[in-house]
Amino acid sequence: MTKNNQPTYPLGEDAGTEVMAASGRKIKDITLEAIARGELNGADLLIKPDTLLMQARFAREGGFTQLAENLERAAELTAVPNDELLRMYETLRPGRATHAEMIALAERLELQFHAPLNAALVREAAMVYLARNLVKRSPPPAPMADDTY
Amino acid sequence: MTGSKRFAILAERDINKETFVEPWPEAGLIVTDSPFDPQPSLRIDSAQHQIVELDGKQRADFDALDFFIADHAIDLNVAEEAMASPSRNLARMLVDINVPASRIRRLVAGCTPAKLCDVIRYMNVLEMMIGLAKMRVRRTPANQAHVTNKREHPALLAADAAEAALRGFAEIETTVGVARFAPLNALAIQIGSQTGRGGVLTQCSVEESLGLRIALKGLTSYAETLSVYGTEGTFVDGDDTPWSKAFLSAAYASRGVKIRFTSGTGSEALMGHAEGRSMLYLEARCLLITRGAGSQGVQNGSISCIALPESLPGGVRAVLAENLLASMLGLEVASGNDALASHSAIRKSAKLMLQFIPGTDFIFSGYSAVPKRDNLFGGGNFDAEDFDDYNVLQRDMQIDGGVRPITEEQAIGIRRQGVLAIQAVYAALGFPPITDEEVEAAVLGHSSDDMPARDVVADLSAADRFLAGSQSMLDIVGALQQRGFTQTAAAILEMGRQRVIGDYLQPAAIFMPIPHLELTQPRYHVLSAINDVNDYAGPGTGYHMSEERWKEMQRLPQVKSPREFIKDQVSGRCERLVELGAAKESRHSEVIVAVGPGFGTALTRTINGVDHEKVLEAILTGVAREGLTARIVKVYQSSDLAYIGYTGTALSGSGIAIGLQSRGTTVIHKRGLARLNNLELFPQSPSLTLEIYEAIGRNAARYAKGEAVRPVPVQVDNWARLRLIVKTALLHRRETEEVRDKPPMEMFFDWEPDV
């Protein structure tokens, strides 16, 4: 099972670690029977931030530093709802937001979602976008492809 | 001018349908070493702990990509050491079995894009292949399939995905012709693949936001086409920046979904922003962005642009180089071989070997598991019609290429299960029904040409409602379970559970099935660079396929047992051919027909099924037409044709003998010639007919009479040897079993020529 009481990879095969979904439901309770009883909802298939941090640790120990950092950012983003997540991504695409809008996004990430790592990434992007003229220009960019039909 | 006939034929060859051009660096049409590529350089401001010069550019002049690479992709602790290491030493470390991958990867972490290219400069393809075998992050190689069809038919998608999963592909990717089909295509692939083999990862390649929405619904388990580019202009045209891509990859991971980036030589030149840099240099930048953004891996190897590097000198080498660079950087590599790269079967196969032999995390980033004409990726360099070829390549080289042979019966069975499952889900979710006629067509069909038409407008509006609505993976699992597709339901749910566990977010993760578990509870064993570390360090190390896997690869449906091969050559012994006593020399003007030890007894027909008695009749007729007689002797001491004929000459009154092996191979020999010399040799027994045997008899008689002889014309069929070599070997073996230590025997043949 665990080594120094630390979970071991693969988590799914580590008998000593009970993985839970974001809902708090234990993995062993995510079953066809539970679906048949109508007990499961979307949150039962979402990963918990703790689990992502464990995976980040495995990645770092394996020498995959940047992947570990990505998984740490991902742990923060578990708090962001789907629609919001899509909007944030959209904001970061080139020419979508002014410098001020990007800074506002960074602040929202930091304050509302307690996501300092993502906030730092967005602030850095805001700085580079300004320097490289990747902030919003007029006329405004075309709407999202999904809205065109 | 009168042209050369040979050049006219060459001009028609498949290879000459390709475009070949000279390099043009200004347009980015150069694969490596553009005169405008920068020299490697790196300067760190230690106070700021910041890179202030990257490949000859000062921080003040950085473009967005330089900033991202400098601040995210390069390990400052090792950068100075790495940049000071001679590139040739790094190249040599890659092929040195005494240098572990981890030592190389530590230094590579400190290399700039130009430095990485400088290492490649010292390497030929063989050395790069060794490097790739060593640096690939996952020990076990695997493969990815493309499943699409031009009609976007859900039943056919499900059937093809089920078959591809059963064929062993670890990932299946689909895409769309019409973007609105995305959720339905993703659904069909998911249901098909999880029916074929639980644990296959699936994705639907679409625009980035749409891809994320589909993943959020639980319809895909990974995303691959997060495209990155090597120049700022191209990146922006691709509607992203390194930061938006980094955010996107974290967004996917936050929902437990695996991602890999996509890059590849040629895209910048194709999109008009190459800035005069070589394709490999720009790809090195892409790879550092990929690593910096925290993607676990990359799909590269030129991908959809492959024909562009292939139009240039060194293009295929450069494509291998980009795979190698990615693996050096610790990235999972799905190594191209997907888009149509060549008209020439020789060229496409040769190119494949560069990834197939070393093995990569995914040898193809899309083997087309459908016919080319149904491949919506512009692909199908290898397609469903090449399945048998690919299986044979694995068997030939004893290389695990990630695929296994299946029987027709297995394919039909699994396709039916997959299609019935999607039919049930369509019914349960209220989508336009899949009819029984469509089910049958998809089970037995090969391409979308075999499918009945669907109401595309109705399908698309169902797709829109599905995407916008709240139905998700749970509803699909519930529907499958309710309608009795428990195994598929459990397999899809398990993919959901794996999202919660997150093990497959690690580099190069795939799922292997764990057999013999409860039907309702499939569990998958994850293999990734964390628990399946590639430990290749020379012969006897690294990936070694199991005995079971090797047997599976050998089990081609078309393999036959050689034991039955020569049954057609054996019937009852020839009744009219009777052995008398030891053969004696004669002084008559005659021809000896010396037959092999199995002739007319152990074997009774030639390789192409001619009765031995008929062969003798033909030869004897030919001799008789020239007014001579022939004696038949059986040579026992050897099954070798030259020996048989040679022995005959010693007994022949004229010194002329015909040697005849049971399989039909014939020689006309003459006393006084060296044993391995002859007058006429007929080595291609499959093309010897009774007419030719008669002509042989006739010529032998003419030699015996001392006449000038025109050799018997024979057909040359070089394919015969290829087709029949196993049979030839077995017939010869059978004849050799009849060899005895006894003198040649006189044979009585109860037949008179009618001349």
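Me: What makes residue pairs across the interface of chain B and chain A count as polar contacts, and how many are there?
Reply: In this predicted model, 30 residue pairs are in polar contact across the interface of chain B and chain A, both residues being at pLDDT 80 or more. Each pair counts because an N or O atom of one residue lies within 3.5 Å of such an atom of the other, with one able to donate a hydrogen and the other to accept it.

Me: Why is the pair B:Asp239 and A:Arg96 called a salt bridge?
Reply: The closest N and O atoms of B:Asp239 and A:Arg96 are 2.6 Å apart. The cut-off is 4 Å between a side-chain nitrogen of Lys or Arg and a carboxyl oxygen of Asp or Glu, so the pair qualifies. The rule finds five salt bridges across the interface of chain B and chain A.

Me: How do you know that chain B and chain A are in contact?
Reply: Contact requires heavy atoms within 4.5 Å, and 69 residues of chain B meet that condition with 60 residues of chain A. The area buried between the two chains is about 5,700 Å², with carbon and sulfur atoms giving 64% of that figure. On the side of chain B, the three residues that supply more than any other three are B:Phe247, B:Arg255 and B:Val500, at 14% of the area this chain buries against chain A.

Me: What is the area buried between domain 1 and domain 2 of chain A, and which residues of domain 1 lose the most?
Reply: Domain 1 covers 1-77 and domain 2 covers 79-149 of chain A. The area buried between them is about 650 Å², of which 54% comes from carbon and sulfur atoms. A:Arg73, A:Glu76 and A:Leu77 lose the most area in domain 1, together 93% of what that side buries.

Me: What makes the side of domain 1 that touches domain 2 of chain A charged or nonpolar by class?
Reply: That side has three charged residues, one nonpolar and no polar residue. Asp, Glu, Lys and Arg count as charged, so A:Arg73 and A:Glu76 belong to that class, while A:Leu77 counts as nonpolar.

Terms used: Residues are numbered from 1 along each chain as its sequence is written. Chains are lettered from A and ligands numbered from 1 in the order in which they are written. This is a predicted model: local features need pLDDT of at least 70, side-chain atom pairs count only at pLDDT 80 or more; totals for chains, interfaces and linings use all residues. Side-chain values use heavy atoms; hydrogens and water are left out. Domain bounds come from an automatic or database domain assignment. Buried area is the accessible area (1.4 Å probe) that two parts lose on being put together, summed over both. A polar contact is a pair of N or O atoms within 3.5 Å; within protein, one must be able to donate a hydrogen and the other to accept it, and residues adjacent in sequence count only if both atoms are side-chain atoms.
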